[in-house]
Amino acid sequence: MSLIYRLKIFLLRVIGYEKPLRVAILKYFTIKFRQFRPHYETIMLESAIEAKKLNYDEITFIELGVAGGNGIVALEKYKTKIQKIYNIKIKIFGFDYGEGLPNSENTFDLKYAISEGDYKIDKNKLSEKVGTKIFFGDAKDSLDEFVRCNPKNIMGIFFDMDFYTSTKNFLDQLPKFEKFLTPRVYCYFDDVFHDNLCVDEHSGERLAIKEFNKKNTKTKIGYSLDHINNFRFPLGKNLIYIMHNFEHKDYNKYIGIDNSESLGLDDNKTRAKIF
Ligand SMILES: C[S@@+](CC[C@H](N)C(=O)[O-])C[C@H]1O[C@@H](n2cnc3c(N)ncnc32)[C@H](O)[C@@H]1O
């Protein structure tokens, strides 16, 4: 491609970009610095805040698909900070094949964009860098070992296994891990959008979510409307779903901010929270 043509495409893209450019700059930082993940940090932070309201003293996060470990390194960094601020214990677990992606015969696994052998892990390097327990092998087969660790109050799941089948097979195991879930679990789905992958509701993670919701009545994975009042998840809000566990004993426990004085003439409390 000639330089002039590249420049033309670049300008078209910059001028036609619908979001303020500062968003693109923040996104650029996450590409340049792979362990800078404002969305991971805010999911952990919001979870800790909700956990305190629910009187939980320990919460658990899972990353499904670890690859080189940048996500886990970021999570460990945020964990250290948030544990201290909120006086809460945070545990993290990771799942990964370990040997790179295997071959898949499933048409819905986005095979046109992801190939066999991608994301092999240097396990020695990773274990030098992180203390997180990582279950190697197919995530669906590691679940029994995981639940034996008694993971208290799973409050966030970072789904990043790319394949429809991997996501579906994990979600299908809900009966094994549902008793460890909190009333509402933040579910970050890394692959519900991808600029190169043409992902939509007919394949990949979104198909797995759709089938999960069709199959389950007590537990649903939902997507909140994007809204101007939502300041909480920089760069992540379109990728964050909530897993509702409607029959959880604490599902209806009040975690709101209102009381009998709320919305009175003297009430100055801000409801759309920036901090
Ligand atoms: C895109 S990478 C994950 C990137 C990582 N989360 C990060 O933020 O750097 C996807 C990973 O998912 C893993 N994976 C896919 N399906 C899996 C399965 N069924 N069980 C375990 N790991 C799986 C692959 O081995 C691969 O390392």
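Visitor: Which residue of β7 is the bridge partner of V185?

Guide: In this predicted model, β5 covers residues 181-189 and β7 covers residues 240-245. The two strands run antiparallel and are joined by 5 bridges. One of the facing pairs is Y188 opposite I240. For V185, the bridge partner in β7 is M243.

Visitor: Which residue of β7 is the bridge partner of I221?

Guide: β6 comprises residues 219-223. It pairs with β7 in the antiparallel sense, over 5 bridges. The partner of I221 in β7 is M243, the residue that is also the bridge partner of V185. The name asked for is therefore M243.

Visitor: In what order do the strands of the sheet stand?

Guide: The sheet is open, has 7 strands and shows mixed pairing. Neighbouring strands are turned against each other by 20° on average, direction ignored. The order is β3-β2-β1-β4-β5-β7-β6.

Visitor: Which strands stand at the edges of that sheet?

Guide: A strand at the edge has a single partner, so one of its sides is left without a neighbour in the sheet. This applies to the strand of residues 133-136 and to the strand of residues 219-223. The edge strands are β3 and β6.

Visitor: How many bridges join β1 to β2, and do they run parallel or antiparallel?

Guide: β1 spans residues 58-64, and β2 spans residues 89-96. Among the facing residues, L64 stands opposite F95 in β2. The number of bridges is 7, and the direction is parallel.

Visitor: How many of the 8 residues of β2 are buried?

Guide: A residue counts as buried when 20 or more other C-beta atoms lie within 10 Å of its own. Enough residues of β2 are buried that the strand is largely enclosed by the rest of the structure. The count is 6 of the 8.

Visitor: Which residues touch the most other members of the largest nonpolar core?

Guide: In soluble globular proteins, nonpolar side chains tend to be buried together. The largest nonpolar core here has 51 residues, and β5 gives the most to this core, with 6 residues. The residues that touch the most other members are L64 and C187.

Visitor: With which residues is C187 in contact, leaving aside its neighbours within four places in sequence?

Guide: Contact here requires C-beta atoms within 7 Å. M243, the bridge partner of I221, is one of the residues that C187 contacts, and I221 is another.

Visitor: At what angle does helix α9 run to β6?

Guide: Helix α9 is formed by residues 204-215. It lies across β4, β5, β6 and β7. Its angle to β6 is about 135°.

Visitor: How far apart in space are the C-alpha atoms of T217 and F246?

Guide: T217 belongs to the loop between α9 and β6. With 9 other C-beta atoms within 10 Å, T217 is exposed. T217 and F246 are 29 residues apart in sequence. In space their C-alpha separation is 8.9 Å.

Visitor: At what angle do helices α3 and α4 pack?

Guide: Two packed helices are described by the angle between their axes and the distance between the axes. For α3 (residues 38-53) and α4 (residues 70-86), the axes are 9 Å apart. The crossing is right-handed, and by class the contact has 9 nonpolar, 1 polar and 3 charged residues. The angle is about 35°.

Visitor: Is N87 buried or exposed?

Guide: N87 is placed in the loop between α4 and β2. Its phi is positive, about 50°, although N87 is not a glycine. Most residues other than glycine have a negative phi. With 10 C-beta neighbours inside 10 Å, N87 counts as exposed.

Visitor: Is N153 buried or exposed?

Guide: N153 is found in the loop between α6 and β4. Its contacts beyond four places in sequence are A51, Y56, E58, I59, T60 and T182. Because 21 other C-beta atoms lie within 10 Å, N153 is buried.

Methods. Residues numbered from 1 in each chain as written. Predicted model: local features only at pLDDT ≥ 70, side-chain atom pairs only at ≥ 80, totals over all residues. Pairing = 2+ DSSP bridges. Helix = DSSP H or I, 4+ residues; strand = E, 2+ residues; numbered from the N terminus. Axes fitted to C-alpha atoms, helices over the stretch in contact; angles between N-to-C directions. Contact = placed C-beta atoms within 7 Å. Left-handed = near helix turned anticlockwise from the far one by under 90°. Nonpolar A, V, L, I, M, F, W, Y, C, P; charged D, E, K, R; others polar. Core = buried A, V, L, I, M, F, W, Y, C linked by C-beta atoms within 7 Å. Buried ≥ 20, exposed ≤ 12 C-beta atoms within 10 Å, placed from the backbone.
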